[in-house]
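Biologist: I would like to learn how to read a model like this one, feature by feature. Please give the general idea before each case.

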Amino acid sequence: MELFIQQTVNAISLGGVYAMLALGLAIVFSIVRLINFAHGEIMTFGAYGIFLALAFGLPPAAALLFGLAAAVVMALAMERTAFRAMRGADVVSLLITSFAVSEILKVLFQNGISPRPVPITFPPAWSGAYEVGGITIGVVPTVSIMVTFTALMGLSFILRRTVAGMAMRAAAEDIEMLRLLGIRANRVVAVSFALSGLLAGIAAVIWTAQRGSVDPLMGFFPVLKAFIATVLGGLGSLGGAVLGGFVVGMLEVLAQAFLPDSLAPYRDAIVLAAVIAALLMRPDGLLPAASAHRS
Amino acid sequence: MKLKSMLLAAVGVAALSTAAMAEEYVIGVMSAQSGYLAPYDGPAYAGFQFCIDEMNAKGGLNGKHKVRTIVKDTRSDIAEGVKVVQEMLDGGAKFIVSSADADPTIAAAQITAADGVPTMTFAGTAPVLTQVGPHVFGSYPADNQQGAVLAAYARDEGFKQAWLVKSPDSAYTNGGPEYFGKAFEALGGKVLGESLYTLNQPDFSAIVTKIKAADPAPDVIVTWAWEPDFPALIKALRGAGVKTQVMGGDVMDTPTVRGLGEVVAGSVHTSGGFPDEGSAYADFIKRFEAKTGTTPDNNYYVNGCDIAHMIEQAVAAAGSTDPKAVSAAMANIENGKGVMSNFTFKGTDRMPLREVVVARISADGKKEFVRRAIADPATLPKP
Amino acid sequence: MSGNALEVRQLEVRYGPVRAAIKIDLDVAPGSVTTLLGANGAGKTSTVMAVAGARRIAGGSVSIFGKDMTGASAEDIVRAGVAIAPEGRRIFGSLSVEENLRLAGSVLEDAQLAGEKSAAMMQRFPVLGERRRQLAGLLSGGEQQMLAVARALMSQPRLLLMDEPSLGLAPQMVDQIFAIIEELRQEGISILLVEQNAALALDVADHAVVLANGEVAAAGAPADLKNDSLLHAAYLAA
């Protein structure tokens, strides 16, 4: 029982990171039809931001904020320099553009910072564990779950209650109509990138707190998983992305925890097979995007 | 088939004509500039080229054979590696130094097998890599040697129950803990269990939770995980309150791992060498710093330099630069003189028997010398 | 004089090699209704969308209240006093009725004014007030058209572009829409009305332009065009 509770905490914690990354992908996709494979590099850049801030002697809390800001700036810079020029291009051209951006950034990180992982050290008090009713639970997974839910609720508030959020939801339906109402589409797109960058930054903070290092390829794998999560949830559906992220993360941890070791090499295959089975039953994803898109 | 033999003939002619034109010895070097091998190939190549340059300044290998290197980027891609090895052979290479891992080395050795061109890995340590043929050599103390020395140390320190964390995705991450386990059990210890992870696994919490729940509890956790997996694993372990001693392979011997702070303090790892004051190794570091301005902060630099020494001694013993003669001479070296440590190929599977250092990471992130030992060939776990 | 609400001269719109609008001249006098008639594919929507800044203009000029707006962005054209209730309504179905209005009001940059406008719209179109919290996608066609008009009015336009407002609506709804057009004209808003229902459009309009195959086939006072067999020929031909 104790083992089960601990593994469930682990599962929710990892699922939460995937959910935030998937949501960032989905926000941008829903508005500009871009599957941003460079999203992982936004996360990596945020982590390097934390590393550099610590290296320059900033206190850890300030370094985290610096990392978040770095991720947002990177997301905005990406939109401005690479993706704005490609606005309206078809999905495949956009996808290839994002691959190019991703590769360029990876090489820049490698040559500009280091091909090796660099360490990120937070105060020991930030890790460690506590006990509830005789069950030991890690501080980092707990905090990451709280941060994740706060971020998701905050984003939900922005999307539901603010004009900027309404504009983003409207843009997902019909961005031309939004412009015909006089609302600056570029600004809405930029805000969506900034939000996706912020989510990637939060994911970077949690990721580095758990993993202790950042390397040029850091963002690739989690974003790959997040992409699977967005497809599972329903491409372009924000709620679906969050749900998909949690499902993929939980499947992954539970497979690691409870499958016999002899099946361990097939873990990813088993998780992906489960995703494919789900998609066969629900081809549009678990929570398909609400409205059909005009092309 | 026809094409292949024509190609080989062309290569042969090219090699002959190059040899005829100059007394220069061409060494092809695979060096990944990007991808997962870049952190190892980069330093290894820098150290190798540094010592080759020093030798060339004195007239070449043994003062006779000037060396020209052909260096090609593989992007850590095996197919690209095969391609560049072929190009280097076409360019007259009579010795190939291959990337710092078993898999690309095995692929390269299959290309060089036709002409028996000696092929030596920068730092691949999986003993299986030399099984491609008599022309393939390791250079760094192999995983089974490291595992055996570390297991002997663990037993001497009174550890009884080990838990292995390994990844079947690479010969290194899988083999190291296994060799440790075999040697540990041969010395009377017990392996309680093992956990498998995948390279670049996002999350180690499930593994950690399992280890924590193990009953009886292990008193040492052994892994050959590299970055970024090792930092993630140790953070997860310590984060969950597991304080068990951690021991690992030489990939833990990096500034990144030492920079992790409190979570790694007290961890023990193997290493290929240790720059004691006044040693040849310490002198190498000084010379390298003076010339390049870079501090060699890991053993790949000095091991690269030792590869130059291995080639020099093999060529001297062979009395020629003929590939087959060099291979045969290399395999026969006994107690050859190196900078990081001496090396013996004779009686081994062409994975040189070398000293292994056991080191501990101190609380302030420094590397502390613990012991230096050579694995006993009699009890060395077989690949 | 500040000139006409809208002056379109020699306008050309292309989709690749296909010319959708060819040398179109069109005026909307201040406070008047000009109707743009023509069959499907005659170039009406292309013309209106070009005026609104949503189609690239390949040639000619567009001036709005005396200001040259040729090639300006849709966002800037709204700021010049133009709003559109587009073909197919294009309300945001996943937003509530109120959110549709609030979003459109956000260009006013005066939150209080936007709030007042929104309240006024819900009084003017009581059905919208009743359904303010409902998702706009769940409204009936006629209600959606009301919302599209109300949404366009949120930015306080002086020139309103209406593209096929009666399309697909029940007859009573069509009457309501035309009553609203009449009201808006009384309030001094200039209107460019695209319609397939020529009879109704000619009743309400001050000036009419007929397009066929992308070109102006006829233009003049509604009364003149109404009895013109040429109009019907052009209208039915394409």
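Biologist: How do I read a nonpolar core, and which residues have the most contacts inside the largest one?

Modeller: A nonpolar core is a set of buried Ala, Val, Leu, Ile, Met, Phe, Trp, Tyr and Cys residues joined through C-beta atoms within 7 Å. Buried means 20 or more other C-beta atoms within 10 Å of the residue's own; exposed means 12 or fewer, partly exposed is in between, and the C-beta atoms are placed from the backbone. The largest core here has 289 residues, and Leu21(A), Ala22(A), Leu23(A), Ala71(A) and Ala203(A) have the most contacts inside it. Helix α1 of chain A, residues 2-32, gives the largest share, 18 residues. In chain B, domain 1 (2-141 + 277-351) and domain 2 (143-271 + 357-373) both contribute residues, so the core lies between them. Those domain bounds come from an automatic or database domain assignment.

Biologist: What should I know about the model and its numbering before going on?

Modeller: This is a predicted model, in which local features need pLDDT of at least 70 and side-chain atom pairs count only at pLDDT 80 or more, while totals for chains, interfaces and linings use all residues. Residues are numbered from 1 along each chain as its sequence is written, and chains are lettered from A and ligands numbered from 1 in the order in which they are written.

Biologist: What does Ala71(A) touch?

Modeller: Two residues are in contact if their C-beta atoms, placed from the backbone, lie within 7 Å. Not counting residues up to four places away in sequence, the partners of Ala71(A) include Ile42(A), Met43(A), Phe45(A), Gly197(A) and Leu198(A).

Biologist: How do I check a helix, for example α2 of chain A?

Modeller: Helices (H or I, at least four residues) and strands (E, at least two) are DSSP runs, numbered from the N terminus. The expected span of a helix is 1.5 Å times one less than its number of residues. For α2(A), residues 39-55, the 17 residues should span 24 Å, and the end C-alpha atoms are 25 Å apart, which agrees. Because 15 of the 17 residues are buried, α2(A) is largely enclosed by the rest of the structure. After this helix comes Gly57(A), with a positive phi near 85°.

Biologist: How many residues of α6(C) are buried, and what do they pack against?

Modeller: In α6(C), 11 of the 13 residues are buried, so this helix too is largely enclosed by the rest of the structure. Its buried residues pack against elements of chain C, including α3 (97-105), α4 (111-124) and α7 (171-186).

Biologist: How do I read a sheet, and what is the strand order in chain B?

Modeller: Two strands pair if DSSP finds at least two bridges between them. In chain B, five strands form an open sheet with parallel pairing, in the order β2-β1-β3-β4-β5. The edge strands, each pairing on one side only, are β2 (67-72) and β5 (136-137). Six bridges link β1(B), residues 25-30, to β2(B) in the parallel sense. One bridge partner pair is Met30(B) and Lys72(B).

Biologist: Is Val67(B) buried or exposed?

Modeller: Val67(B), found in strand β2 of chain B, is buried, with 21 other C-beta atoms within 10 Å. Beyond four places in sequence, its contacts include Tyr25(B), Ile27(B) and Ile52(B).

Biologist: Where is there an antiparallel pair?

Modeller: In chain A, β2 (residues 129-132) and β3 (residues 135-138) run antiparallel and are joined by four bridges. Glu131(A) stands opposite Thr136(A). The two strands form a hairpin with two residues between them, and Gly133(A) in the turn has a positive phi of about 55°.

Biologist: Which chains share the most contacts?

Modeller: Of the two pairs of chains in contact, chains A and B share the most contacts. That contact takes 33 residues from chain B and 39 residues from chain A. In chain B, α2 (38-57), α7 (205-213) and α8 (229-239) each supply at least two residues of the side that touches chain A. Chain A also contacts chain C, with 17 residues of chain A meeting 21 residues of chain C. Chains B and C do not touch, and their nearest C-alpha atoms are 36 Å apart.
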